Amino acid sequence: MSRCRGCEARVEGSWARCPLCGTELEPLTDGTGPGSPRPSEPFAAVALRYSGRRVLRVLLLVSLGMVIASFALQLLLPHTESGWGWLRASWLGLATTWLLVLIALRERRNLARATAYLVVLVGLVSAYWDYLTGWHAWSLTYTVPIVCGSSIIAVLVLVRVRRMEPGDHVLYAALTIAVGLVPLLFLVLGWVTTPLPSLLCAALALAQITVSRGREVLRELSRRLHL
Amino acid sequence: MSTRAWARLDNASNIFLAARSARDPKVFRLGAELDHEVDPALLQRALELTVDRYPLFRAVLRRGLFWYYLQGSDKHPQVVADVLPPCAPLYEPGHPGLLFRVVHHGDRVGLEVFHALVDGTGALWFLGDLLAAYLRLRGEGAGTDAERETGEAIEADASEHRGITGDAFRHHFRRRRIRDRAPDPARFARDAAPAALRSAEELASLVSTGATRRGGRAGRDAGGAGGHHRPRVHRVHGELTPDLRPRTVELSMPADQVLVLSRAAGVSLSSYLTALLLEGVRRSSGGLGAARTLAVSVPVNLRQFFPSRSPRNFFATVRLEHTYAPHEADPEVEVDLDELARSLEEGFRPQVSAEALAARLRRLIGLEQMLGPRLVPRPLKDLLLRVVNARVNRTLTLAVSNLGRVRLPEPAEAHVRRMMFEVSAVRPQFCAISHAGVLTVSFTAPFVRTDHVREVVRLLVARGVEVSVAATRVTEHELAEVGV
């Protein structure tokens with residue numbers, strides 16, 4: 001038996017720190033404190049059958065390693081259309097899908113952030129994929145603008161449907177808008193083969209800027225970047 | 001082969017099978033702390049004697065095409081040391097075993113029961129008789145022969161009700177009472193509807209089209225609820241314990257000190273404790289945000305309205321809600337605890353009158369007697385109940401359960417220092433029980449952190465209550481401290 005000064009309560013058993021607040025306990029002089037030879041434990045200490053956290057961490061690391069290895073190995077194989085086959089396509093497809101699943105699971109509590117992450121990831125992977133298949137610029141022409149445009153709509157829908165608090169989403173909404181303007185850059189630099197998708201995406205982003213609440217974004221930014 | 005007694009699973013129990021999960025195996029534990037180290041051999045003999053008087057506790061659970069059913073068995077329950085986490089699973093589909101276990105640890109005896117078998121009151125009867133038998137075997141209370149005989153006479157009288165065929169639900173709420181109430185195993189135990197009455201109502205609206213959802217939600221802060229908008233219910237999240245065992249924190253305190261507080265507020269002890277828990281959650285939430293409504297599910301023992309001596313599940317759950325004012329979403333803001341308790345009590349009272357409960361239950365039983373739902377195969381029923389249960393879970397923040405003041409049969413009463421009561425839970429929950437002037441409130445949740453309990457303790461201490469804390473060890477670090 002000991003006493004927690006933080007909670008001002010007695011604590012039964014041989015805890016060194018308060019199980020509620022973590023404050024170091026002071027022993028009570030009734031012979032059953034932490035110093036006594038055989039403290040009476042109110043509950044049996046039962047060994048863990050497994051540790052879900054450990055299992056998940058190991059699985060996560062192993063699968064991340066496999067995904068990274070999959071992407072890296074592709075570099076060693078030929079980067080031409082002829083050297084590409086259904087086997088490599090499904091291999092990379094599986095690795096990408098798994099990566100998306102991991103992000104979706106990790107960020108399931110904040111869907112706006114998950115959306116922003118997914119946009120960046122899909123953009124990078126498709127550009128890499130395009131490079132591996134001999135660079136036809138389909139990623140920058142189609143994939144990136146379409147994904148960016150969709151994400152702007154997705155965040156709008158999410159905020160409505162989930163009735164999110166401004167603090168939880170404004171930054172990500174702003175981020176998707178910023179990313180939505182990136183295809184415009186591709187267009188200016190002449191990296192795309194057809195201008196229409198990039199133009200549509202940029203138009204969507206600009207339209208979104210006009211309806212979004214800039215002041216809230218700034219307020220949230222100043223809060224997050226506060227020194 | 002002998003013809004074994006069997007009974008379709010009673011009214012309230014099926015939800016426990018459907019809602020079972022790794023996090024919440026629907027097991028509860030009743031415990032008693034004795035004034036000496038428990039003698040396992042004597043406890044074993046006492047258990048054998050007690051089980052003979054409660055044939056229901058010999059039952060195993062089997063699966064039929066349309067229903068689960070309880071079947072008598074010859075299994076011999078064994079007293080075991082406390083080697084599993086509290087409220088470890090008891091029912092495994094396909095491996096019919098007994099639905100309860102008796103454990104001992106130091107001076108504590110624990111009775112763990114799968115909730116589909118009996119409810120807290122039923123288990124309490126069993127534990128009381130078990131402890132009395134144990135202490136008699138130990139030579140306690142042997143002097144008062146007269147007392148013992150009357151005690152046994154009562155038990156003998158009661159034992160016919162404690163068999164496998166005592167379905168209190170059906171007894172009280174059949175539309176047309178059957179005149180002869182001779183036990184009729186084949187027609188026994190009408191359809192399973194969820195014990196959580198709200199769940200059953202949800203099911204009713206799923207099954208019968210056109211049934212309108214009933215209102216009747218109490219305790220709502222009319223100002224905060226805002227028009228027809230369904231209020232957003234706050235839900236507690238957190239890091240789960242490593243092997244999904246419940247984190248139990250047991251608070252023991254002098255019952256008088258808390259009773260004085262609840263009387264000063266003009267509410268029942270249950271309402272006061274519920275208000276404390278609500279405040280504990282709010283103060284540890286780090287801001288409620290827009291989800292300012294906290295909803296609590298409370299089981300009500302129906303035996304107090306409709307006398308029954310069956311230990312089978314016989315309770316209804318009511319739901320309480322409290323919506324905090326927008327400025328109270330900030331955990332730093334002080335809220336009047338007494339006011340909160342009174343508002344909870346106001347929401348609670350009308351829901352637990354005998355008439356209100358009887359009306360709800362009759363409607364339920366009527367639904368269960370309809371042929372359509374009864375013809376649904378069991379796996380599909382399970383699935384439906386699981387969906388309903390998940391929907392109900394999303395609208396609940398907390399659960400509370402109070403077994404009240406307990407008097408054990410002699411000689412157990414004199415040798416039990418305090419009693420404990422805890423339930424496996426998917427959401428933060430407390431279970432209260434008081435015995436011999438000691439109130440024990442056990443908080444359970446599948447989460448590692450116990451911030452809401454810390455806040456409850458501090459609220460109690462600030463009001464002059466002497467609190468003693470006992471907690472289970474759940475993380476690797478905590479277990480390493482004691483060398484496990």
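This is a predicted model: local features need pLDDT of at least 70, side-chain atom pairs count only at pLDDT 80 or more; totals for chains, interfaces and linings use all residues.
A residue is called buried when its relative accessible area is under 20%, exposed when that area is over 50%, and partly exposed in between.

The definition can be applied at once to a pair in chain B. B:R319 has a relative accessibility of 3% and therefore counts as buried. B:E321, at 2% relative accessibility, is likewise buried. The two residues form a salt bridge, in which the closest N and O atoms are 2.4 Å apart.

Over all chains, a search of the whole structure finds 35 salt bridges. One salt bridge joins the side chains of B:D243 and A:R49, with an N to O distance of 3.7 Å. This pair crosses between chains: B:D243 lies in the loop between α7 (222-225) and β8 (247-254) of chain B, while A:R49 lies in the loop between β3 (26-27) and α1 (52-76) of chain A. B:D243 is buried, because its relative accessibility is 2%. A:R49, by contrast, has a relative accessible area of 47% and is therefore partly exposed.

Because B:E339 and B:R342 are 3 residues apart in helix α10 of chain B, about one helical turn separates them. B:E339 is partly exposed, with a relative accessible area of 45%, and B:R342 is also partly exposed, at 31%.

The helix, which spans residues 337-348, also contains B:E345. With a relative accessible area of 6%, B:E345 is buried. Its side chain makes a polar contact of 2.4 Å with the side chain of B:S271.

Salt bridges may also be linked to one another. A network of salt bridges connects A:E12, B:E33, B:D107, B:R108, B:E250, B:R417 and B:R418.

A positive surface patch is formed by A:R108, A:R109, B:R23, B:R235 and B:R394. Residues of such a patch have no salt bridge and over 30% relative accessible area. Is A:R109 buried or exposed? Its relative accessibility is 56%, so A:R109 counts as exposed.

Methods. Residues are numbered from 1 along each chain as its sequence is written. Chains are lettered from A and ligands numbered from 1 in the order in which they are written. Side-chain values use heavy atoms; hydrogens and water are left out. Patches are made of residues with over 30% relative accessible area and no salt bridge: like charges are joined within 9 Å, nonpolar side chains (Val, Leu, Ile, Met, Phe, Trp, Tyr) within 5 Å. Accessible areas come from the Shrake-Rupley method with a 1.4 Å probe; for residues, only the protein chains shown count as cover. A salt bridge is a side-chain nitrogen of Lys or Arg within 4 Å of a carboxyl oxygen of Asp or Glu. Lys and Arg count as positive and Asp and Glu as negative; His and the chain ends are not counted. The place of a charge is taken as NZ of Lys, CZ of Arg, CG of Asp or CD of Glu. Buried means under 20% relative accessible area, exposed over 50%, partly exposed in between (1.4 Å probe, protein chains only). Helices (H or I, at least four residues) and strands (E, at least two) are DSSP runs, numbered from the N terminus. A polar contact is a pair of N or O atoms within 3.5 Å; within protein, one must be able to donate a hydrogen and the other to accept it, and residues adjacent in sequence count only if both atoms are side-chain atoms.
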